[in-house]
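Here's a quick briefing to read alongside the structure. Have the viewer open and follow along, topic by topic.

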Amino acid sequence: MGQNLTQKLIAAHLVSGEMTAGSEISIRIDQTLTQDSTGTMAYLQFEAMGIPRVKTKRSVAYIDHNTIQAGFENADDHKYIQTVTAAHGVYFSRPGNGICHQVHLERFGVPGMTLLGSDSHTPTGGGIGMLAIGAGGLDVAVAMGGGAYYLTIPKVVRVNLTGKLSGWVSAKDVILEVLRILTVKGGVGKVIEYAGEGVASLSVPERATITNMGAELGATTSVFPSDEVTHAFLKAQGREADFTPLMPDADAVYDEEITINLSALGSLAAMPHSPDNVKSVQEIGEIAVDQVFIGSCTNSSYTDMMKTAAILKGKTVHPNVSLVIGPGSKQVLHMLAENGALADMIDAGARILECACGPCIGMGQAPKSNAVSLRTNNRNFEGRSGTKSAQVYIVSPETAAISAITGVLTDPAVLGERMTVDMPTAFYNHDNMVVAPAPEGETVEVVRGPNIKEFPINKKLEGDVEGKVLIQVGDNITTDHIMPSNASLLPFRSNIPHLSSFCLAPCDPDFPKRAKENGGGIIVGGSNYGQGSSREHAALVPLYLGIRAVIAKSFARIHMANLINSGILPLTFADAADYDAISEGDVLLIEDAPNAVLSGETIMVKNTTRGTAFATNLVLSDRQRQILLAGGLLNYTKQNA
């Protein structure tokens, strides 16, 4: 029986465990990446481990999230990251060099390697044949220190691509179709592997768009083969030596399979407020548009920008539309400026943003009240744009560009014959905005600004776990709900005490106050609790507030791992109906919590307010149980060093 590509990548990096379904394994990590929203915490945690130098083949720190410097906080964080990375052997990508996923694909990604990133869209690297996984900052810190990364053997879903994209249909429409089929929960515990004749027709940037938004499926990662298309891309980047061919065996076996005929796809859009709320552009109709954003780590490549420029050339943006465009990297922006495409965008009335995440994470360009905003980024959760009442639609660059001209949501099919943009045979390369770390042994002063505070560390699990239900929330609560990341809060990513006043505020503004008054307690959630961003602040801030356990119908993968890493019990209802038998204010009790964690998969929880009890599940490996007993991964790592 042959191996699929996912199995080959895992087997080549296996450190411990057996490659059998449901087993916990650990893998060696070749590369890591961080960005400044999660990076300060990751490097504070790395420092706390006391390891002098990173042990990966390459680690890179990117500044791409907190780039609006309205106060000293962001600049201070940037200086801390620049100095701490120099001291410990990490490359530093300066502000303006570009979005981490776009730049890493261009300059550092290597087929066949593993990549662990403190950003949920790290699977972008799967577009180049990497096993690229998003994780919490502490997991990345451990990997930088030479530690293995632990995961449960995932199921592998084969997405069989047939045919070839036609008309103005693009890679964005492919991943929106996958989301329509599988939903935002459909990828949990799975790797999405793309195969079939249609793969050869997709460029590396197109593949990266698809793997990027695999994060919205809840998938562990997504991956494409490394083939002649990959070879051509790396050669054009001046990195031909990094190419390795990687394909699944002809008789590879998969756990699931779906088929998508690329030739039959039309232009799609994800409607508010979920990436899987997908309909065709024609079905939605010509709704009036107020704002258009083209960019983000999903669709800011050279080819995306060139198609956008071609559509805009000689036209004028509709007077009712604000169009903003954010190229993904310095490389892309330089090439657009050099070949005249940037001038075409500007002449049409587009506002050009710096090479950063920007509007995707609510950092600037918030829409007006009740606006319809078309965006090429990956998430359209309510309020993520910075305007709670905005209606955000996720679309392709082609749909976004033509709609910016017409003023209404428009199928790009009206443009007529399909336009193709040839991949360059040689990209512009000048890595002067990447700073190499100081030589090993050289003394570097690590600069910490006043906004950088100590992060909370849990204590060893002892005795009973008892607390009030401080809040009860519904399904699909995102990390944006748990720890908002808007323009006013993002500068405080290294200041947990400040952030604690905003935890779960989008669900209940009184939650932080209630948590502090009660000295902590318990959170009750619905299905897919913690979906979205990898930000471990969604676990660290509740830890700071004294949260002992989260009981939910189900968890998103990264958030559950972050809760375990923080020593917070992540329990799931054995019977989902028990969710309805709990109310805010009820006092819940887990007797002899250490023994309960060790004893098995079922933990009984008493509701002392109502005089009832219900069963919860704690399906973890022995190692994860020991992490909970130690009070989190940092304590566990220190005691097992």
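A word on angles before we start: axes are lines fitted to C-alpha atoms, for helices over the stretch in contact, and angles run from 0 to 180 degrees between N-to-C directions. With that in hand, take α11 and α12, whose axes come within 4 Å and cross at roughly 85 degrees. Keep in mind that this is a predicted model.

**Helices around α12**

- Angles from 65 to 115 degrees count as roughly perpendicular, so α11 and α12 are roughly perpendicular to each other.
- On the α11 side the contact uses Leu333, Leu336, Ala337 and Asn339, and these meet Ala341, Leu342 and Met345 in α12.
- Sorted by class, this α11–α12 contact has six nonpolar residues, one polar and no charged ones.
- Helix α12 (residues 341–348) also packs with helix α10 (residues 302–312), at an angle of about 50 degrees and with the axes 8 Å apart.
- That angle makes α10 oblique to α12, and the crossing of the two is left-handed.
- From α10, the contact takes in Met305, Met306, Thr308, Ala309 and Leu312; from α12, it takes in Ala341, Asp344, Met345 and Ala348.
- The class count for α10 with α12 comes to seven nonpolar, one polar and one charged residues.

**An enclosed helix, α4**

- How many of the eight residues of helix α4 (residues 100–107) are buried? Eight of the eight are, so α4 is largely enclosed by the rest of the structure.
- The buried set includes Cys100, Val103 and Leu105, but also His101, Gln102, His104, Glu106 and Arg107.
- What do the buried residues of α4 pack against? Their neighbours are the strands β3 (31–35), β4 (58–62) and β6 (114–117), plus the helices α7 (204–212), α8 (228–236) and α11 (330–339).

**The open sheet**

- Six strands make up an open sheet in the order β7-β6-β3-β4-β5-β20, and the pairing is mixed.
- The edges are β7 (131–134) and β20 (434–435); each has a single partner strand, so one side of each is left without a neighbour in the sheet.
- Strands β6 and β7 run parallel and are joined by four bridges, with Leu116 finding its bridge partner in Ile133 of β7.
- Helix α3 (residues 72–88) packs on the sheet, where it touches β4 and β5 (91–93), and its direction makes about 155 degrees with that of β5.
- Helix α5 (residues 137–144) lies across β3, β4 and β6 and runs at about 140 degrees to β3.

**The barrel**

- Seven strands close into a barrel, in the order β21-β22-β23-β24-β27-β26-β25, again with mixed pairing.
- On average, neighbouring strands in this sheet are turned by 40 degrees against each other, direction ignored.
- Strand β25 (residues 587–590) pairs with β21 in the antiparallel sense over four bridges, and Gly467 stands opposite Leu588 of β25.
- β25 is also joined to β26 by two bridges, and these strands run antiparallel; Leu589 has Lys606 in β26 as its bridge partner.
- Strand β26 (residues 602–607) shows two faces: Ile603, Val605 and Asn607 are on the covered one, while Thr602, Met604 and Lys606 are on the uncovered one.
- Strand β27 (residues 612–617) pairs with β26 in the antiparallel sense over six bridges, with Thr602 partnered by Asn617 in β27.
- β26 and β27 form a hairpin with four residues between them, and Gly611 in the turn has a positive phi of about 70 degrees.

- As background, most residues other than glycine have a negative phi, and most peptide bonds are trans.
- Pro272 and His273 are joined by a cis peptide bond, with omega about -5 degrees; His273 lies in the loop between β13 (268–270) and β14 (278–280).
- Gln365 has a positive phi, near 60 degrees, and isn't a glycine; its loop runs between β17 (351–352) and β18 (372–375).
- Asn476 isn't a glycine either, yet has a positive phi of about 55 degrees.
- Where is Asn476 found? Look in the loop between β21 (465–472) and α14 (479–482).
- Asn476 is partly exposed, with a relative accessible area of 29%.

Technical notes: Residues are numbered from 1 along each chain as its sequence is written. This is a predicted model: local features need pLDDT of at least 70, side-chain atom pairs count only at pLDDT 80 or more; totals for chains, interfaces and linings use all residues. Side-chain values use heavy atoms; hydrogens and water are left out. Angles under 35 degrees count as roughly parallel, over 145 as roughly antiparallel, 65 to 115 as roughly perpendicular and the rest as oblique. A crossing is left-handed if the near helix is turned anticlockwise from the far one by less than a right angle, and right-handed if clockwise. Contact means heavy atoms within 4.5 Å. Ala, Val, Leu, Ile, Met, Phe, Trp, Tyr, Cys and Pro count as nonpolar, Asp, Glu, Lys and Arg as charged, and the others, Gly among them, as polar. Buried means under 20% relative accessible area, exposed over 50%, partly exposed in between (1.4 Å probe, protein chains only). Two strands pair if DSSP finds at least two bridges between them.
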